[in-house]
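This report describes selected features of one protein model. It begins with a single residue and its surroundings.

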Amino acid sequence: MTNRTAGWLERSRGKRADRLAALDEKLEQRMPARYGRRRPRRVLAGTGAVMLGLFWVDAAVSWALAPSDTAMIVNFVILGVLVVGGIPLAGQLIAVTRGLTSKRERELDERQLTARLRAFATAHRATTVVMVAVLVATMIADRDGRESQIPGAALFLILFALLATHALLPLVVAAWQTPDPPPADDEGEVG
């Protein structure tokens with residue numbers, strides 16, 4: 001690598017680190033004080049889990065009712081709820097976890113890396129359980145073999161729910177597992 005390329009790369013990394021530090025400060029200022037305690041963070045994480053569950057409800061409704069107008073209406077209502085409620089919720093989860101699941105590894109300290117690894121491991125185990133449950137449910141529900149008529153929309157929504165679970169469950173788990181911050185030390189107090 002030439003000096004010119006190395007210099008550019010270092011400047012780029014420095015600018016990214018500065019932007020991330022500014023973003024961390026902004027997230028710290030914007031995060032409501034109520035999320036400073038474990039219980040409200042867990043309520044937020046539980047709400048995120050419910051939103052993920054809506055993907056699965058949508059797939060199940062589509063399986064049971066498709067093709068029909070009722071299935072389409074339910075599908076659009078659930079997707080509307082997910083867009084209107086899920087996007088702001090994801091933003092709050094990212095703020096509460098301070099981007100733990102989305103930052104690059106080199107941007108995290110050792111404590112954050114451990115928390116990230118723990119969140120991903122827990123989410124991986126949960127996603128594995130979900131995949132096994134989906135496999136068992138489809139095997140039980142689909143006994144007709146080649147003559148089976150599983151709605152294509154249901155298959156798409158099952159795969160989409162699985163993708164959403166895989167992508168977002170680590171964020172929900174990280175918010176659930178985030179410990180309370182250490183108490184602020186008073187600078188004038190001698191211990």
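Val-77 sits in helix α3, residues 69-97; helices are DSSP runs of H or I with at least four residues, numbered from the N terminus. The model is predicted, with local features needing pLDDT of at least 70 and side-chain atom pairs pLDDT 80 or more, while totals for chains, interfaces and linings use all residues. Numbering runs from 1 along each chain as its sequence is written, and side-chain values use heavy atoms, leaving out hydrogens and water.

Together with Ile-73 and Val-81, Val-77 forms a nonpolar surface patch of about 260 Å².

## Annotated spans

UniProt, in an unreviewed entry, annotates residues 43-66, 72-96, 117-141 and 153-176 as "transmembrane region"; such annotations may be inferred rather than shown by experiment. Residues 43-66 are 96% helix and 0% strand, with end C-alpha atoms 33 Å apart. For residues 153-176 the values are 100% helix, 0% strand and 32 Å.

Key:
Patch = residues over 30% accessible without salt bridge, like charges linked within 9 Å, V, L, I, M, F, W, Y side chains within 5 Å. Areas by Shrake-Rupley, 256 points an atom, 1.4 Å probe, with all protein chains shown as cover. Salt bridge = Lys/Arg side-chain N within 4 Å of Asp/Glu carboxyl O. Helix = DSSP H or I, 4+ residues; strand = E, 2+ residues; numbered from the N terminus.
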